[in-house]
Amino acid sequence: HDGWRVTLDTDYNAATKANDTRMRARFSNPSDFKFTIYRKGLLSGLATHLGMQDVEVGHEGFDREFVIKGNDEHRLKRLFGNPRIRELLEAQPAVHFAVVEPGWFDGEKEEGKDWLVFTVHGVLKDKERLKALFDLFAETLDELMAVR
């Protein structure tokens with residue numbers, strides 16, 4: 001998408017002893033903006049009560065469904081203020097979406113470059129869901145470049 005290579009693959013997860021599906025793209029991130037978003041679960045409320053970060057981005061239903069962590073609250077609100085990104089995330093039954101530093105996937109570390117990564121347990125074969133994930137990546141990468 002627009003010069004970024006978006007890679008879809010599977011990776012063995014030793015903890016679950018099963019394959020995970022992941023989509024990832026390396027992008028320029030000179031401001032070192034990081035985030036992680038995932039659906040709330042049974043223990044999320046307790047973890048938040050005990051001090052785990054959960055940024056509210058100002059969209060009640062979305063804030064109720066997801067845990068959002070990051071290092072710049074203003075940029076989080078702008079990124080997840082994008083209605084298309086929220087729509088695409090809400091359509092995913094399981095979500096672990098993040099910006100992470102290199103090293104997760106390879107030993108290459110290049111100043112100002114990070115990975116945008118989506119991971120889900122199991123092997124996804126649903127073409128419509130995979131297309132929606134690609135659309136999520138495209139929209140998020142475009143927004144990340146606009147929100148520098």
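Analyst: Start at F35: with a relative accessibility of 1%, F35 counts as buried (under 20% relative accessible area is buried, over 50% exposed and in between partly exposed, using a 1.4 Å probe and protein chains only). Keep in mind that this is a predicted model, so local features need pLDDT of at least 70 and side-chain atom pairs pLDDT 80 or more, while totals for chains, interfaces and linings use all residues. Numbering runs from 1 along each chain as its sequence is written, and side-chain values use heavy atoms, with hydrogens and water left out.

Now the rings. There are seven aromatic pairs in the structure (Phe, Tyr or six-membered Trp rings with centres within 6.5 Å; planes under 30 degrees apart are stacked, over 60 edge-to-face, the rest tilted). F35 and F80 make an edge-to-face pair, because their ring centres are 5.4 Å apart and their planes stand at 90°. Since F35 is in strand β3 and F80 in the loop between α3 and α4, this pair ties together parts 45 residues apart in sequence. (Helices, H or I of at least four residues, and strands, E of at least two, are DSSP runs numbered from the N terminus.) F80 is buried too, at 0% relative accessibility.

F35 has another edge-to-face partner in F97, with centres 5.7 Å apart and planes at 65°. That one links strand β3 to strand β5, so it ties together parts 62 residues apart. F97, at 0%, also counts as buried.

What about the nonpolar surroundings? The largest nonpolar core has 32 residues, and F35, F80 and F97 are among those with the most contacts inside it, along with I37, L89, L116 and F118. (Such a core is a set of buried Ala, Val, Leu, Ile, Met, Phe, Trp, Tyr and Cys residues joined through side-chain atoms within 4.5 Å.) Elements supplying at least two residues each include β2 (18–28), β3 (35–39), β5 (96–100) and β6 (113–121), but the largest share, seven residues, is from α5.
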